[in-house]
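Good morning, colleagues. I would ask you to look at the sequence and the structure together while I speak.

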Amino acid sequence: MLLSSFGVAFADGDAANLFKTHCQGCHGAVPASGIEPIKGQSAADLLKKLEGYKDGSFGAQRKLVMENVVKQLSDEQLKSLADYASTL
């Protein structure tokens, strides 16, 4: 799969790197204590949550951590990341 916007392409490998860099520490195979597992969630649900963190409309006790992570990512990167994470 290849996603492209603004002249920048994001392939599946890029999404895997995004996950490894930004998500795996807390949401890996064994999620950190009290953290919702990603496994089993659809791409649409994950994207909705990521967009909610980015615009401030979603989140609970770790909202600030997630907001700081997703603010660094473009909308295309969030979509690519959600698509990848839904396959875990």
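Asp-14 has a relative accessibility of 33% and therefore counts as partly exposed; that class lies between buried, under 20% relative accessible area, and exposed, over 50%, with a 1.4 Å probe and protein chains only. Asp-14 sits in helix H1, residues 12–22. Its C-alpha atom is 8.9 Å from that of Gln-77, 63 residues apart along the chain.

A word on the basis of these values. This is a predicted model, in which local features need pLDDT of at least 70 and side-chain atom pairs count only at pLDDT 80 or more, while totals for chains, interfaces and linings use all residues. Residues are numbered from 1 along each chain as its sequence is written, and side-chain values use heavy atoms, with hydrogens and water left out.

Let me turn to the overall fold. The protein has five helices and two strands, in the order β-β-α-α-α-α-α along the sequence. Both kinds of element are DSSP runs numbered from the N terminus: helices are H or I with at least four residues, strands E with at least two. Of the 88 residues, 33% are buried. Among contacts (heavy atoms within 4.5 Å) with a separation of 6 or more, 58% join residues 24 or more positions apart.

Next, the interior. A nonpolar core here is a set of buried Ala, Val, Leu, Ile, Met, Phe, Trp, Tyr and Cys residues joined through side-chain atoms within 4.5 Å. The largest one has 15 residues, and those with the most contacts inside it are Phe-19, Leu-50, Val-70, Leu-78 and Leu-81. At least two residues of this core come from each of H1, helix H3 (43–55), helix H4 (63–70) and helix H5 (75–85). What does Leu-78 contact, leaving aside its neighbours within four places in sequence? The partners of Leu-78 are Leu-47, Leu-50, Lys-54, Val-70 and Leu-73.

Is Lys-63 buried or partly exposed? Lys-63 counts as partly exposed, because its relative accessibility is 25%. The residue belongs to helix H4. Not counting residues up to four places away in sequence, Lys-63 touches Tyr-53, Gly-56 and Phe-58. With Tyr-53, ten residues apart in sequence, the C-alpha to C-alpha distance of Lys-63 is 6.8 Å.
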